[in-house]
Amino acid sequence: PLFRFGLVSSVVSTPRSASSGIYAEYCCRLITLLHGVIITTVSALVHFYLGPAPWHNFGKENSPVHNLVLLLSLGYFLFDFAWCCFMGSEGIAMLTHHVVSLLGLFYSIYLHRYGSEVTAVCFG
């Protein structure tokens, strides 16, 4: 709750520019940055500390931490895909990237497998 309050207050208190489109783009990029930092950090923790490592766990069942990374990434990609479609700011390459990422995340969540492989991709 405290982290959420800090994030919301930092976005709300950011000075708005003359154009609301620039402010909206700033908020989207802030969410993208936050997603990148959180997912990379949690994925690194999974692979180097919590386990199981992806090179020992091919095709096995997802752990709860894998599911956390998958669901956070799915939520982000749904948001960003909707943003790209709504704003019309991205080309076919980025839209294809989002569709393929969404399909991979849905597939792993649906089967409850391949979480270690997907989080390895999220890590980098």
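Glu25 lies in helix 2, which spans residues 20-50, where helices (H or I, at least four residues) and strands (E, at least two) are DSSP runs numbered from the N terminus. The model is a predicted one, in which local features need pLDDT of at least 70 and side-chain atom pairs count only at pLDDT 80 or more, while totals for chains, interfaces and linings use all residues. Residues are numbered from 1 along each chain as its sequence is written, and side-chain values use heavy atoms, with hydrogens and water left out. Because its relative accessibility is 24%, Glu25 counts as partly exposed, a class that falls between buried (under 20% relative accessible area) and exposed (over 50%), with a 1.4 Å probe and protein chains only. Glu25 and Met87 are separated by 62 residues in sequence, yet their C-alpha atoms are 9.5 Å apart in space.

The protein chain contains five helices and zero strands, and along the sequence its pattern reads α-α-α-α-α. Of its 124 residues, 30% count as buried.

Two packed helices are described by the angle between their axes and the distance between the axes. Helix 3 (residues 64-87) packs with helix 4 (residues 92-111) at an angle of about 150 degrees, the axes being 10 Å apart; helix 3 is therefore roughly antiparallel to helix 4. Axes here are lines fitted to C-alpha atoms, for helices over the stretch in contact, and angles run from 0 to 180 degrees between N-to-C directions. Angles under 35 degrees count as roughly parallel, over 145 as roughly antiparallel, 65 to 115 as roughly perpendicular and the rest as oblique. The crossing of helix 3 and helix 4 is left-handed, that is, the near helix is turned anticlockwise from the far one by less than a right angle.

Most residues other than glycine have a negative phi. In the loop between helix 4 and helix 5, His112 has a positive phi near 60 degrees, and Tyr114, located in the loop between helix 4 and helix 5, has a positive phi of about 65 degrees. His112 is partly exposed, with a relative accessible area of 28%, and Tyr114 is likewise partly exposed, at 31%.

Phe123, in helix 5 (residues 115-123), counts as partly exposed because its relative accessibility is 33%. Together with Phe48, Trp55 and Phe58, Phe123 makes a nonpolar surface patch of about 500 Å². Such patches are made of residues with over 30% relative accessible area and no salt bridge, like charges being joined within 9 Å and nonpolar side chains (Val, Leu, Ile, Met, Phe, Trp, Tyr) within 5 Å; a salt bridge is a side-chain nitrogen of Lys or Arg within 4 Å of a carboxyl oxygen of Asp or Glu. Accessible areas come from the Shrake-Rupley method with a 1.4 Å probe, and for residues only the protein chains shown count as cover.
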